Amino acid sequence: MTGALVGAVEAGGTKFRCAVVSSDLTIVDSRYLLTADPDTTLAAVAEFFERSEPVAALGIASFGPVDLDPGSPGFGSITDTPKPGWSGAKIRSRLSEAIGVPAGIQTDVEAAAVAEQALGPEPEPQRLACVAVGTGVGAAVAVDGRPWRGRHHSELGHIPVRRAAGDDYPGRCPFHRDCLEGMACGPAVAERWGIDPPGAGGRADIWQLEAFYLAQLVRVLAYSFAPDRVVFGGGVGARPGLAEMIRAAARTELAGYADYSSGDDRFVTAPALGDDSGLLGAALLARSQLDC
């Protein structure tokens, strides 16, 4: 089965991306879908694969929170999410049954972390952290090709953060208000500044504030997991030049204490795989289903 095509789905709060991927990880065919309600969206994903060349397995890189416990009755389902209508959506089982192939699932940022570690530039980092900043803020750490998990996948986007001086924005998170996600996700940027992130262009004030908040996550990652590299992706996180701003702000955050990143321009970077990190991570997960 090593030469079989596999299916990959990157399931986001704003859009889904589906792809057929070859054994050498070439994307043979792909399609973007706007995220609607679960029934509409998952039916459109299944239709894409019905019309494509047959795939032998499916990998799903999903927005969260998602139940990743294989022993749980809700395995592969979205849990409590602010995304209307998606709480309890059985993404893995519904797509597996509709397409008729085995399916694996992990978070979108876990998939991106695994792909960036395995397929990114040499030397291959043993420990890589990946952060996705878009509709929300997610983070994951891959160690030796596998995502680190405790009883649940990481929810580092909801860490508390120190406010920037003069920033009175109340925060957008419906659970915590001014956690990292509440202060730095794409919708928070749009609400605070009255401008969508893609239209912010060279507004240094916007991006310096974004870097200030995201650098606090780098500090948490550095002191909790000591990664070799921290990759920032997503619709907001991968903005050209933002990684460099976060890297500089992170050095201020670390303040010289255990700052093993000093002088290392690869410590905080944009994704080496561009927009394909999550999708290729889903493809790697699909390939692992063939070895079960």
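Helices (H or I, at least four residues) and strands (E, at least two) are DSSP runs, numbered from the N terminus. With that settled, here is the structure.

This is a predicted model, in which local features need pLDDT of at least 70, side-chain atom pairs count only at pLDDT 80 or more, and totals for chains, interfaces and linings use all residues. Residues are numbered from 1 along each chain as its sequence is written, and side-chain values use heavy atoms, with hydrogens and water left out.

I will begin with the sheets. Strands of a sheet pair through backbone hydrogen bonds, either parallel or antiparallel. Here, two strands count as paired if DSSP finds at least two bridges between them.

Isoleucine 60 stands opposite isoleucine 105 in β5.

Another open sheet of 5 strands has the order β8-β7-β6-β9-β10, and its pairing is mixed. At its edges are β8 and β10 (268–269), each pairing on one side only. Strand β7, residues 137–143, runs antiparallel to β8 and is joined to β8 by 2 bridges. Alanine 142 is opposite proline 147 in β8.

Next, the backbone. Most residues other than glycine have a negative phi, and most peptide bonds are trans. Aspartate 144, in the loop between β7 and β8, is not a glycine but has a positive phi of about 50°. A cis peptide bond joins glycine 64 and proline 65, with omega about 0°; proline 65 is in the loop between β4 and α2. Glutamate 122 and proline 123 are also joined by a cis peptide bond, with omega about -5°. Proline 123 is in the loop between α3 (108–119) and β6 (127–133).

Now the aromatic rings. Rings of Phe, Tyr and Trp (its six-membered ring) pair if their centres lie within 6.5 Å; planes under 30 degrees apart count as stacked, over 60 as edge-to-face and the rest as tilted. By this rule there are 6 aromatic pairs. In one of them, the ring centres of phenylalanine 63 and tryptophan 86 are 5.6 Å apart and the planes are at 75°, so the pair is edge-to-face. Both residues are in the loop between β4 and α2 (91–99), 23 residues apart.

Last, the second largest pocket. On a 1 Å grid over the protein atoms alone, a pocket is an open set of points where a 1.4 Å probe fits, with protein on both sides within 12 Å along at least five of seven lines; lining residues have an atom within 4 Å of a point. The second largest pocket is lined by 16 residues, and Gln106, Arg146, Pro147, Arg149 and Leu285 lie nearest its centre. Helix α9 gives the most to this lining, with 5 residues.
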